[in-house]
Amino acid sequence: MEPKPHPGKDGADQDLPGTTHREDEASPHWDPPVMGFSQAYLTVSIEPLPPVVVGDAVTLKCNFKTDGKMREIVWYRVTDGGTIKQKIFTFDAMFSTNFSHMENYRKREDLVYQSTVRLPEVRISDNGPYECHVGIYDRATREKVVLASGNIFLNVMAPPTSISVLAADTPAPFSRYQAQNFTLVCVVSGGKPAPLVYFKRDGEPIEATPLPEPPAGAGSWAPRNLLHRDLDDTKVPKSLAAEAEVGGGRLTATVDPPRGLAAERDPVTETIPETVVSREFPRWVHVAEPIYYFRHTHAPVSDGTVEARATLTWTLNPQIDNEALFSCEVKHPALSMPMQSEVTLVAPKGPKITMTPTRARVGDTVRILVQGFQNEVFPEPLFTWTRVGSRLLDGSAEHDGKELVLERVPAELNGSMYRCTAQNPLGSTDTHTRLIVFENPNIPRGTEDSNVSVSFCLCLGFLRQFN
């Protein structure tokens, strides 16, 4: 379609998969005047556009004013930093007769024209610069063409498509006697430009210290080895407490005995250990408001969007942080309201354990699996299996993971007790189950290669968590 010699009318309207934004002034080019004639006049400008959102319909408008005769209009999409120009629309006056009223081009007459290109549904790939080039015949001679152009940058925004909150460096154990840092990571994907990300606790915004680099010498930043005066003696096993008194009242560096070594102390008579009920929380815990540290980074993605990551770090206090609700919220110019994801910090309680087969015989392969908890647990717990009073069937002291597999169990495992410790930085809980092995008529008694038929019972559940 041709541009019309009437101000404000759309001339060239075409649906193309491109987009544009931002304006620069036209830079007219003039040929030297020819004797006896005035030089043709031409100015070009593109109407500015605000940022647009993916899926919007956009119209690019190129306005030009001239007293000469039209030669052509060309729209370009500029890519690769300006090295490539893709032609998206062309109007050639040589194939039009709509300008017969301007045949007497020596008579100066300024007219305003407008050429438009419509992008019906913009995409992120349409983001970038566009140019409108206009050419007119010189008033002195039709052999010369006067050129001018305008350009605009189309800024296409995209709202974030996903948001999630994770716990860094998990699964991780629960530390009863030592303060430890905890970090939440909020990942926001699919947005353009990068969104504004912030955290809330129990619905209230968190005032955090920006953290471009880990602070040097920050008092509560790095975990520290605590002296005996920081320990909670209500949770120290009695045997260790007695040893401390004999040794001068100072505890050894290792507060708890290494897991899985109980069989070496007493492989025959060890029973399920007694639960020590705490009377107070460890003395390193402070009731003051924690100091939060915040870091925000973003990285470009190949599709033109940005992945934003925000981290919130503080010294964890299981006494007050357990069951605290943390949310990550995102503000973005393409969103009408904030986008959010939330998690509740919860220590594990009441693991649900299943054992297959339910009636195992000598020579069977037994699988003991943690299927879940009585509550929703976050972050993901760390699972550790041990055998009470001895090592595991494969000779190892402990096994990590949700499932413990006992291959080709012998009859000697009948009545053996297994402990599953589930822990995260908020707390820890122990659950025990006993393995019952039945005779296998297909395997003679006394044969080593026998599989255990498992009938199990949940015997004890020890909860080491502070409410």
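## Ground rules

The model is predicted, so to speak of local features we need pLDDT of at least 70, and side-chain atom pairs count only at pLDDT 80 or more, while totals for chains, interfaces and linings use all residues. Residues are numbered from 1 along each chain as its sequence is written, and side-chain values use heavy atoms, with hydrogens and water left out.

## The chain as a whole

The protein chain has 3 helices and 27 strands; these are DSSP runs numbered from the N terminus, with helices being H or I of at least four residues and strands E of at least two. Of its 467 residues, 45% count as buried, meaning under 20% relative accessible area with a 1.4 Å probe, protein chains only.

Among contacts with a separation of 6 or more, 71% join residues 24 or more positions apart, a contact being heavy atoms within 4.5 Å. The accessible surface is about 24,100 Å², and carbon and sulfur atoms own 52% of that; the areas come from the Shrake-Rupley method with a 1.4 Å probe.

## A five-stranded sheet

An open sheet of 5 strands runs β11-β12-β17-β16-β15, with mixed pairing (two strands pair if DSSP finds at least two bridges between them). β11 (162-167) and β15 (208-210) sit at the edges with a single partner strand each, so one side of each has no neighbour in the sheet. From one strand to the next, the twist averages 25 degrees, using axes fitted as lines to C-alpha atoms and angles from 0 to 180 degrees between N-to-C directions.

β15 pairs with β16 (residues 292-300) in the parallel sense over 3 bridges. Threonine 209 has tyrosine 293 in β16 as its bridge partner.

## Aromatic rings

The whole structure holds 6 aromatic pairs; rings of Phe, Tyr and Trp (its six-membered ring) pair if their centres lie within 6.5 Å, and planes under 30 degrees apart count as stacked, over 60 as edge-to-face and the rest as tilted. Tryptophan 314 and phenylalanine 326 are stacked because their ring centres are 4.9 Å apart and their planes at 25 degrees. Tryptophan 314 belongs to β17 (residues 306-315) and phenylalanine 326 to β18 (residues 325-331), so the pair ties together parts 12 residues apart in sequence. Tryptophan 314 is buried at 1% relative accessibility, and phenylalanine 326 is buried at 1% too. Ring pairs also link Phe182, Tyr292, Trp314 and Phe326 into a cluster.

Elsewhere, arginine 359 lies over the face of phenylalanine 438, 3.7 Å from the ring centre (the test: NZ of Lys or CZ of Arg within 6 Å of the ring centre and within 35 degrees of the ring normal).

How values were computed: Buried means under 20% relative accessible area, exposed over 50%, partly exposed in between (1.4 Å probe, protein chains only).
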